[in-house]
Amino acid sequence: MLSACTAAVQPDPALESRMTTMFDAVYTEVSSVHIDPPDLRRFTIGGLDGLRKFDSSYDLDIDDDDVFMIEVGGQIAAEGLAPDDGAEIAAWSEFARSMVLDVHMSGLLPKDAGEEALYDRFFDSAMRTLDRYSRYANPKDAADLRAERDGFGGIGIDLEEHPEGARIHRLEHDKPGAAAGLLVGDRIVAIDALKIAGMPLHAVDRLMRGPVDSPVSLTLVRDGLPTPLNVTVGRTRIVPNTVFYSLIDDHALIRISGFNQRTSKRIAEAIGQARADLGQGLSGLIIDLRGNLGGRLDQAVDSADLFLESGLITRADGRHPESHQVFKAEPGDIADNLPTVVLINGASASAAEILASALQDHGRAVVVGMSSFGKGTIQTIVDLPNNGELYVTWARFVAPSGYALNRMGVMPTVCTSGASDAVATLDQALGQGVDSGAANLKRRRAASYGDEAETREILKLCPWLPHASGDIDLAIAELILESPALIRRALTVGRAVDGA
């Protein structure tokens, strides 16, 4: 392999070592775990093309001899002979690293093209060549994503923007903020002596977070007090709430916005609260997964297991040996077979689709709404040397009845696409026509994954279209829960014929 560096300045050995470690880690992991064997040539070209975002005059040219040449502003920034087809992973990693390093050392890119920015542009663009879900998260974004999945060190307050800084609009009663005497309406004007007026709310949130048990010093302005207060509060582990409970007559509405470390536990708590509120008067559950883009696989499985006594919840299959997984339900239905309706739409994805398909296939819940997004893949998370993360697609999910969730998603038992009348929509779905729920589900479950023409036809059956007015999904859910006969009919229509 040939590489010609045009820079007058030689790279710092420490920088060169860090970049080598970083590129080796990414190329090795992608080659090992991605669901399909990656084309490392295409992956590398994609990454090098990503550097174009630094300068519009950036140009990558590949000649007939497979020599890659990068010019910026008409000047050569890097040049090298690409590895042969079938070359080892290490050869492609070294080639990509050397090209990026040469471009960096050429001095032709803007000053903001530092080490982390180069990783961000290169790996973000390279990962997009694999599939639509594999991606790179830089250290800052990765920290936020870890906080969403696993929690973070905080004090249990929710903030809103305010001209003086940020205003407290909600306190968790059992968290350090409330224990320290903070009040709803207090304005935070400084955090650890740093004034925050004019700072974006997301930046304020980052300042509030820190290691568990570490203190944060707040300067507060409170109505009725002549001078600001200085309060020091210790941080505790905070896991964002993704489960929101309310009552609609004698039904419990449980909205799930995502799946993080405590989602299944909070679903159980919501059902427990509903029983405490209504006792024997609780007649049904509505689980709202609309707009739920997913989250942790284990929490989707645990959430489905709350309602199922036995059987398959989902199966995952990929190229890596560890990607093959089977998830089955254990005895115990937390809701004691209470009638249940699940609401989905075109923004219900991934973990939400696992929960919806499992409850539908087993005849445990009636699914109402529009076809889900169709993100039937799982991304394994790879920690990188720079504290960033790779999200690499490594398996596809299969519903209990055997159909792949990817692309075509979950077909609802009662399709409300473009609907304007709840009763008419319900009658059509539970009827015997060619466009009934039973007919649509039969076509969906029999569809072949990878058949593009068939996929397009399935996607036309129940597309994500707006309703004429009102929340017709919720109206249909209430109609179903109010009628034992409708419940029985809808569960029969939705249940997988050949079992789950």
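Q: Leaving aside its neighbours within four places in sequence, which residues is Leu48 in contact with?
A: First, a word on the model: it's predicted, so local features need pLDDT of at least 70 and side-chain atom pairs count only at pLDDT 80 or more, while totals for chains, interfaces and linings use all residues. Residues are numbered from 1 along each chain as its sequence is written, and side-chain values use heavy atoms, with hydrogens and water left out. Contact here means heavy atoms within 4.5 Å. With neighbours within four places set aside, Leu48 touches Tyr58, Leu60, Phe68, Ile70, Met99, Val100 and Phe122.

Q: Which residues have the most contacts inside the largest nonpolar core?
A: A nonpolar core is a set of buried Ala, Val, Leu, Ile, Met, Phe, Trp, Tyr and Cys residues joined through side-chain atoms within 4.5 Å. Buried means under 20% relative accessible area, exposed means over 50%, and partly exposed is in between (1.4 Å probe, protein chains only). The largest core has 91 residues, and those with the most contacts inside it are Leu48, Phe122 and Leu289.

Q: Which helix gives the largest share of this core?
A: Helices are DSSP runs of H or I with at least four residues and strands are runs of E with at least two, both numbered from the N terminus. The largest share of the core is nine residues, and they come from helix α1.

Q: Does α3 have the end-to-end span its length calls for, or what is the distance between its end C-alpha atoms?
A: The expected span of a helix is 1.5 Å times one less than its number of residues. For the 18 residues of α3 (residues 89-106) that comes to 26 Å, and the end C-alpha atoms agree, being apart by 26 Å.

Q: How many of the 18 residues of α3 are buried?
A: The rest of the structure largely encloses this helix.

Q: Why do the buried residues of α7 lie on the same side, and what arc do they cover?
A: In α7 (residues 201-208), the buried ones are Ala203, Val204 and Met208. The arc is taken from the directions from the helix axis to the C-beta atoms. They sit on the same side of α7 because they cover an arc of only 145°.

Q: Which cysteines form the disulfide?
A: A disulfide is a pair of cysteine sulfur atoms within 2.5 Å, and a search of the whole structure finds one. With sulfur atoms 2.1 Å apart, the pair is Cys415 and Cys462.

Q: Is the Phe123 and Tyr136 ring pair stacked, edge-to-face or tilted?
A: Rings of Phe, Tyr and Trp (its six-membered ring) pair if their centres lie within 6.5 Å; planes under 30 degrees apart count as stacked, over 60 as edge-to-face and the rest as tilted. Phe123 is in helix α4 and Tyr136 in strand β5, and both are buried. Their ring centres are 5.8 Å apart with planes at 50°, so the pair is tilted.

Q: Is Asn387 buried or exposed, and what is its relative accessible area?
A: Most residues other than glycine have a negative phi. Asn387 has a positive one, near 75°, and is found in the loop between β21 and β22. Asn387 counts as exposed because its relative accessible area is 54%.
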